[in-house]
Amino acid sequence: MENDVASDVVVLTGAGGGIGRAVAVRLGGRGVRLALTDVDEPALRETADLVAETGRAPIAVAGDGLDAGVVAAVVTEATEAWGRIDGLVNATGISLPKALRDTTSEDFDRVMSVNVKTHLLMMQEVLPVMARARYGSIVNISSVGGRIALPNLSVYCASKAAVIGLSRGVAAEYAADNVRCNAICPGGVDTPLGRAALDPFEDKQKGLEILTGRQLFKRWADPDEIAGLVEYLVGRGSTFVTGAVFDIDGGHTTT
């Protein structure tokens, strides 16, 4: 099935991170017009430069995804430049690995805010634009941790389960407007965020074996492997897919 996204406009949060950057480069290489945002301005600029190398310079707005002004600015710049927003990919996230006994209420608030509230705020800003156009596709990056337990990541797992629930709720609420919303659940991915899961382990190799031991492939994913699924879901070859949750975890959830 053809999945042409070349004429589309996509907003991408967390564009400076590993999965976000891979998505930006992949979609940029397909000719997608991108509006990128990330709290880490140097990382965002690096991603924007990589996308520009494909021939189309993106919009890049640095700032905190919890700041309503930043969220509004991304959407305003995209709509003023291109007149519409066809897709949204929410890739903002942190892990903050800690044993539950060491987790503070401040830790909980931060993880839930970054991993869930940023998704909510951006969707609230983008959804009216999509609903007016009667077309849109949203992809929220959850995690295998939203489906199963992971050691030292209880709050992270809770936040990613919330992303799944939020995504399904949006799918149900906006189906009448022909707006789709899906969630994907990566397993271990070779990114700085993924490698942070090794922090609690003194023996990093042993930690890696524990974290990948239940996967059928016994390895972490390359970020571009995740980006391939995002490309399909945000594109026009998946117009009958909504409210779905996709495991992309090397077989982790089958064992």
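A: Of the 255 residues in the chain, 52% are buried, where buried means under 20% relative accessible area, exposed over 50%, and partly exposed in between (1.4 Å probe, protein chains only). The model is predicted, so local features need pLDDT of at least 70 and side-chain atom pairs count only at pLDDT 80 or more, whereas totals for chains, interfaces and linings use all residues. Residues are numbered from 1 along each chain as its sequence is written, and side-chain values use heavy atoms, with hydrogens and water left out.

The overall form of the chain provides the setting. Its secondary structure consists of eight helices and seven strands; these are DSSP runs numbered from the N terminus, helices being H or I of at least four residues and strands E of at least two. The C-alpha trace spans about 50 × 35 × 35 Å along its principal axes. Among contacts between residues at least 6 apart in sequence, 73% join residues at least 24 apart, a contact being heavy atoms within 4.5 Å.

The accessible surface amounts to about 11200 Å², and carbon and sulfur atoms account for 53% of it. Such areas come from the Shrake-Rupley method with a 1.4 Å probe. The chain carries 24 positive and 32 negative charges, whose mean positions are 5 Å apart. Lys and Arg count as positive and Asp and Glu as negative, while His and the chain ends are not counted; each charge is placed at NZ of Lys, CZ of Arg, CG of Asp or CD of Glu.

Two strands show the interior clearly. Strand 1 covers residues 9-13, and because five of its five residues are buried, the strand is largely enclosed by the rest of the structure. Val-9, Val-11 and Thr-13 point one way from strand 1, whereas Val-10 and Leu-12 point the other way, and all are buried. Strand 1 pairs in the parallel sense with strand 2 (residues 33-38) over five bridges; pairing requires that DSSP find at least two bridges between the strands. Within this pair, Val-11 stands opposite Ala-35 of strand 2.

Strand 5 (residues 136-141) is likewise largely enclosed by the rest of the structure, because six of its six residues are buried. Gly-136, Ile-138 and Asn-140 point one way from strand 5, and Ser-137, Val-139 and Ile-141 point the other way, with burial in every case. Strand 4 (residues 87-90) runs parallel to strand 5 and is joined to it by four bridges. Asn-90 stands opposite Asn-140 in strand 5.

A further buried position is Val-245, which lies in strand 7 (residues 245-248) and counts as buried because its relative accessibility is 17%. Setting aside residues up to four places away in sequence, Val-245 touches Arg-147, Ile-164, Arg-168, Ala-183 and Cys-185. Val-245 is 162 residues from Gly-83 in sequence, and their C-alpha atoms are 30 Å apart.

Leu-96, in the loop between strand 4 and helix 4 (105-133), counts as partly exposed because its relative accessibility is 34%. Arg-134, in the loop between helix 4 and strand 5, is also partly exposed, with a relative accessible area of 46%. Most residues other than glycine have a negative phi. Leu-96, however, has a positive phi near 50°, and that of Arg-134 is about 55°.

Thr-54 belongs to the loop between helix 2 (41-52) and strand 3 (59-62) and is partly exposed, with a relative accessible area of 38%. Beyond residues up to four places away in sequence, Thr-54 touches Val-25, Gly-28 and Gly-29. Thr-54 and Gly-31 are 23 residues apart in sequence, with their C-alpha atoms 7.9 Å apart.

Ala-73 lies in helix 3 (residues 68-82) and counts as partly exposed at 25% relative accessibility. Ala-73 and Ala-62 are 11 residues apart in sequence and 9.8 Å apart from C-alpha to C-alpha.
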